[in-house]
Amino acid sequence: MNPDQLMVPADPRGAHQGPTDPVLAARHVIAPTVTLRVGVNFGNALFTTRDPASGAPRGVGIDFVAALGQRLGVPVTHVMHATPGDVAASAGSGTWDVAILAIEPARADVVTFSSPMTEIEATYVVARGSVIGAVADVDRPGRRVAAAPRTGYELFLTRTLQQATLLRPATSEASMDLLRRGEVDAVAGLAPTLHEAYDRAPDVRVLDGGFTTVNHGLAVPKGRPAGAAAAVDLFVRDMVATGALADLIARHGVQGLRAVRPAADH
């Protein structure tokens with residue numbers, strides 16, 4: 001795909017900026033092409049959506065990586081993907097330098113993650129008349145759960161479901177079709193997205209609570225010099241500690257996406 005290129009506009013507000021800023025000092029290993037190439041996916045609207053007029057990506061995730069580009073003093077290029085799984089699968093292709101992804105052990109072979117930067121609750125949607133009344137009722141013998149493949153919550157359920165059967169339709173829409181046809185008992189997803197889509201639906205309901213909290217971080221492809229991941233981690237922790245990430249979330253009015261609590265070392 002032909003990525004969009006732009007100069008970064010955001011204020012990174014890094015706590016360690018100055019003449020000896022270690023993030024800036026690592027520019028040559030974070031962005032070896034002197035352009036920060038960002039793997040962007042449209043599978044999580046809490047981070048990234050498309051501008052309805054231009055189709056360009058926008059959102060918390062776009063402004064966050066723009067802040068990294070500004071701190072490095074380089075332009076940013078967006079390398080587009082449909083899903084987070086597609087981004088992770090392309091980590092070894094050399095096409096992107098950083099990407100926002102859910103932190104999951106299954107991805108540790110292909111990327112190095114920063115410290116967590118955000119948290120999002122994941123839960124289930126079930127049929128309106130389902131006997132399933134709570135999240136804890138889902139993982140039972142004979143029950144079928146659908147989750148979009150290679151998402152953070154699907155990877156979590158792959159590791160943790162003990163009794164229910166996990167199905168992986170190609171998309172969240174396909175999962176909901178299965179639920180409405182009675183072919184699965186629950187569909188997993190990010191709670192804010194499910195509530196926005198289905199709280200007023202007459203035939204389904206979103207379960208209160210959640211089965212996990214999905215943390216996202218800034219990923220660097222494996223094989224990069226160690227200094228790249230260390231400097232990216234420092235940038236993430238600065239954005240959390242200074243409140244810059246929380247400000248971005250508030251500015252975009254995203255409900256259900258939360259910055260993590262600052263680490264004790266800030």
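A pocket is an open set of points on a 1 Å grid over the protein atoms alone, with protein on both sides within 12 Å along at least five of seven lines, where a 1.4 Å probe fits; lining residues have an atom within 4 Å of a point. Grid points are joined across faces, edges and corners, and a volume is the space filled by probe spheres set on the points. The model is predicted: local features need pLDDT of at least 70, side-chain atom pairs count only at pLDDT 80 or more, and totals for chains, interfaces and linings use all residues. Residues are numbered from 1 along each chain as its sequence is written, and side-chain values use heavy atoms, with hydrogens and water left out.

**View 1. The second largest pocket and its lining.** The volume of this pocket is about 210 Å³. Of the 14 residues that line the second largest pocket, Ala-45, Leu-46, Gly-253, Val-254 and Gln-255 lie nearest its centre. The lining comprises six nonpolar, six polar and two charged residues. In these classes, Ala, Val, Leu, Ile, Met, Phe, Trp, Tyr, Cys and Pro count as nonpolar, Asp, Glu, Lys and Arg as charged, and the others, Gly among them, as polar.

**View 2. The largest pocket and its lining.** The largest pocket has a volume of about 890 Å³. Its lining is formed by 43 residues, and those nearest the centre are Phe-42, Gly-43, Asn-44, Tyr-153 and Ser-172. By class, 25 residues of the lining of the largest pocket are nonpolar, 15 are polar and three are charged.

**View 3. Packing of helix 3 with helix 8.** Helices (H or I, at least four residues) and strands (E, at least two) are DSSP runs, numbered from the N terminus. Helix 3 (residues 60-72) and helix 8 (residues 226-241) pack at an angle of about 115°, and their axes are 11 Å apart. Axes are lines fitted to C-alpha atoms, for helices over the stretch in contact, and angles run from 0 to 180 degrees between N-to-C directions. Contact (heavy atoms within 4.5 Å) is made by Phe-64, Ala-67, Leu-68 and Arg-71 of helix 3 and by Phe-235, Val-236, Asp-238 and Met-239 of helix 8. This contact has six nonpolar, no polar and two charged residues.

**View 4. Packing of helix 3 with helix 9.** Helix 3 and helix 9 (residues 244-252) have their axes 9 Å apart and pack at an angle of about 145°. Val-60, Asp-63 and Phe-64 of helix 3 meet Leu-245, Leu-248, Ile-249, Arg-251 and His-252 of helix 9 in the contact. The contact of helix 3 with helix 9 contains five nonpolar, one polar and two charged residues.

View 5. Ala-186 counts as buried because its relative accessibility is 0%; buried means under 20% relative accessible area, exposed over 50%, and partly exposed in between (1.4 Å probe, protein chains only). Apart from neighbours within four places in sequence, Ala-186 is in contact with Tyr-124, Val-125, Val-126, Val-138, Arg-144, Val-145, Ala-146 and Leu-179. From C-alpha to C-alpha, Ala-186 and Val-206 are 9.6 Å apart in space, and they are 20 residues apart in sequence.

**View 6. Val-34, a residue with positive phi.** Val-34 is not a glycine, yet its phi is about 65°. Val-34 is placed in the loop between helix 2 (27-30) and strand 2 (36-41). With 55% relative accessibility, Val-34 counts as exposed.
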